[in-house]
Amino acid sequence: MIASFHALTFVSNTKFATFLTKRVQDHRHFESQSFLQTNRLDQIDTDQYNVLFYELTNLADPMQIVHLTELAKKLKLVIIAQSGHFASFAFEVGAVDFLILDSTASRIDKCFDKLIHLCPIASAAERQYPQSTQAEKPSSHIVVKDVGKVRLIDINDIIWINGAGNYVELHFTQGNTPVLHRETMKNIEQQLEPEGFVRIHRSTLVRKQAICELMPTDSGDYKVRLKNDMCLNLSRRYKGCLESIISPLQ
């Protein structure tokens, strides 16, 4: 398999840098990887490197924001930080993923999966890789009781959900009429979180893979646009979910 990524790492935390370097060097899609403890963003050769792992330690430097924003246009940027509070910054500069310094090997591998997904050449190569073939996850259902009948709703068909008192409305990929289901938002969130859904508002759950765009508003909230052009509100109360949204499916 021909490697698709040549990565550069700007990470000052030695322990995590060593851990990340080992994961990168062992991965089949990375040709090589450089481990640096400097942060000269203005000198990165984007013709040579197409992935940058960058540890964010200071938000006070305006030139850092400028350089990262420009680099994100030319290569795949992964922001690394001490805590999830920096996730919104990662989104704003155009990073494709966000990691915290105690990320596990499994979490890093999911970051690699996202890089592969965003690269057509790597994606095509991965599909041909013999060990990458896995049995599809069995479909799961939500049982919706209606007058005189019971409906089995395939969770894979649901893209977002909004609360309506003791009920929730299930909205579907093809834009079919929403289905009313007697369940609380809390319970449906617990049920669907393992399926890749995230809470973006007190009354809204959305499938992460259905999101195609996040747009900040003047009020500090966000607009979430889905692949079917539906726009939903992401409230400031749930701003912490940005890390989950821009990260691979958990």
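Visitor: Before we start, what does buried mean here?
Guide: Buried means under 20% relative accessible area. Keep in mind that we're looking at a predicted model.

Visitor: Okay, so take S4. Buried or exposed?
Guide: S4 has 15% relative accessibility, so S4 counts as buried, given that the cut-off is under 20%.

Visitor: Where does S4 sit in the chain?
Guide: S4 is in the segment before strand 1, which covers 5–10.

Visitor: And what does S4 touch?
Guide: Leaving aside residues up to four places away in sequence, S4 touches H29, N50, C119, I121 and A122.

Visitor: Let's zoom out. How many helices and strands are there?
Guide: The protein chain has seven helices and 15 strands.

Visitor: How much of the chain is buried?
Guide: Of its 250 residues, 43% count as buried. As for the accessible surface, that comes to about 13800 Å², and 49% of it belongs to carbon and sulfur atoms.

Visitor: Switching to helix packing. How do helix 1 and helix 4 pack?
Guide: Helix 1 is residues 14–25 and helix 4 is residues 105–117; they pack at an angle of about 55°, with their axes 11 Å apart. That angle makes helix 1 and helix 4 oblique to each other.

Visitor: Which hand is the crossing, left or right?
Guide: Helix 1 passes helix 4 in a right-handed crossing.

Visitor: Which residues make that contact?
Guide: From helix 1 you have F16, F19, L20, R23 and V24, and from helix 4 A105, I108, D109 and F112.

Visitor: One more residue, L205. Where is that?
Guide: L205 lies in strand 12, residues 204–207.

Visitor: Buried or exposed?
Guide: L205 is buried, with a relative accessible area of 0%.

Visitor: So what does L205 touch?
Guide: Not counting residues up to four places away in sequence, L205 touches W160, I161, M185, I188, E189, V198 and R199.

Visitor: And how far is L205 from L170?
Guide: C-alpha to C-alpha, L205 and L170 are 9.7 Å apart in space, and they're 35 residues apart in sequence.

Methods
Residues are numbered from 1 along each chain as its sequence is written. This is a predicted model: local features need pLDDT of at least 70, side-chain atom pairs count only at pLDDT 80 or more; totals for chains, interfaces and linings use all residues. Side-chain values use heavy atoms; hydrogens and water are left out. Helices (H or I, at least four residues) and strands (E, at least two) are DSSP runs, numbered from the N terminus. Buried means under 20% relative accessible area, exposed over 50%, partly exposed in between (1.4 Å probe, protein chains only). Accessible areas come from the Shrake-Rupley method with a 1.4 Å probe; for residues, only the protein chains shown count as cover. Contact means heavy atoms within 4.5 Å. Axes are lines fitted to C-alpha atoms, for helices over the stretch in contact, and angles run from 0 to 180 degrees between N-to-C directions. Angles under 35 degrees count as roughly parallel, over 145 as roughly antiparallel, 65 to 115 as roughly perpendicular and the rest as oblique. A crossing is left-handed if the near helix is turned anticlockwise from the far one by less than a right angle, and right-handed if clockwise.
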